[in-house]
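Good morning, everyone. Please look at the model on the screen while I talk you through it.

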Amino acid sequence: MRPFVREASAALLLVAGCAGGAVSREDVDGLRGELRALRRENEELSRRVEALSGQVDALAVRGRAAPARPASAPVPPRPAPEPRPVEPEVSGFVSAVPVVPPDLQVVKLAPPRASPARAARAAPPVPTAVRIAEPDPARLDALASPGGRGIAAEADGELRAARRKGGLDRAHALEDFTARYPRHPAADNALLESAEAYAAAGRNEAACALVRRTADEYPAGDAMSAALERLAACAARLGRADEERSLLQRLVDDYPGTPAAQRAGGRLGHLSARAGDASPAAAATRSAP
């Protein structure tokens, strides 16, 4: 019978595995387990064969006792069931189908060829060069200088020291302070104070030049109204009546309510009265605060 042949083959494999040195102990244990399973299956098949033999004998006795049937309908003998073949064990489970299907075909696929249009579209080059530039000396000096609070404290100290001086020394010190700290909150006032010190020393041209710088460089500063008033005085000193009137009118229009605007309104009224201008515009100017 086929199970016994399988048992003998398993026994031969076991003996061959034990004789050879290349088979591990795990393989031997696996073969032994398979051999035990085959023996149990053979015993089960033997019991089933014996049972079927008993059934065949009983049917034979019953057939001899029963009347004979017509020859047209013979009873075919029942074939004995063949033993179930044992499939190879895969990972501890008995497979119902072969591991490799018999109709499996191996096909070798070639890689797809790129079309010329696709091959021409290459990736754009990535710039890897880095431009190296020398640092700005002014920035290096600014980084090396003390912090903002230290600069502010130093500037305030220089401004106090310049205001303590007198005469041309005061004018020069305040002008130098504005040149060193042009963005200081008091830079426009320091420049105007320097112009006043020049005017007090009789340097009218230098004084008028600094007043004009104050109006041009700090148009939004709080010293703008005083600068316009002093510019009007410089224009009057030079005999430029139209320029003086324009500056005074600008002062009245842009800075109403300030002491400088009130003085400018009085000065415009005086100029209008001296020129004999009785126009409504002059009257409105004279009445301005």
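Start with one definition: buried means under 20% relative accessible area, exposed means over 50%, and partly exposed is in between, with a 1.4 Å probe and protein chains only. Take Glu 196: its relative accessible area is 36%, so Glu 196 is partly exposed.

Now the ground rules. This is a predicted model, where local features need pLDDT of at least 70 and side-chain atom pairs count only at pLDDT 80 or more, while totals for chains, interfaces and linings use all residues. Residues are numbered from 1 along each chain as its sequence is written, and side-chain values use heavy atoms, with hydrogens and water left out.

Next, the overall layout. The protein chain has 12 helices and 2 strands. Helices here are DSSP runs of H or I with at least four residues, strands are runs of E with at least two, and both are numbered from the N terminus. Along the sequence, the pattern is α-α-β-β-α-α-α-α-α-α-α-α-α-α.

How much of the protein chain is buried? Of its 289 residues, 22%. The chain exposes about 21400 Å², and carbon and sulfur atoms supply 58% of that. Those areas come from the Shrake-Rupley method with a 1.4 Å probe; for residues, only the protein chains shown count as cover.

On to contacts, meaning heavy atoms within 4.5 Å. Take the contacts with a separation of 6 or more: residues 24 or more positions apart account for 45% of them.

Now salt bridges. The rule asks for a side-chain nitrogen of Lys or Arg within 4 Å of a carboxyl oxygen of Asp or Glu. By this rule there are 12.

Which residue does Arg 230 pair with? Its partner is Glu 196, with the closest N and O atoms 2.3 Å apart. Arg 230 lies in helix 9 and Glu 196 in helix 7 (residues 187–200), so the pair ties together parts that are 34 residues apart in sequence. Arg 230 has a relative accessible area of 28%, so Arg 230 is partly exposed.

Stay in helix 9, which covers residues 224–237 and also holds Ala 236. Leave out residues up to four places away in sequence, and Ala 236 touches Glu 244 and Arg 267. Ala 236 is partly exposed because its relative accessibility is 33%.

Glu 154, at 39% relative accessibility, is partly exposed. Glu 158 joins in: Glu 154, Glu 158 and Arg 180 are linked in a network of salt bridges.

Arg 250 is partly exposed at 40%. Asp 254 is partly exposed too, at 46%.

Last stop: a surface patch. Which residues form the positive one? Arg 25, Arg 32, Arg 36 and Arg 40. Patch residues have over 30% relative accessible area and no salt bridge; like charges are joined within 9 Å, and nonpolar side chains (Val, Leu, Ile, Met, Phe, Trp, Tyr) within 5 Å. Arg 36 lies in helix 2 (residues 25–65). At 48% relative accessibility, Arg 36 is partly exposed.

Notes: Lys, Arg positive; Asp, Glu negative; His and termini not counted. Charge placed at Lys NZ, Arg CZ, Asp CG, Glu CD.
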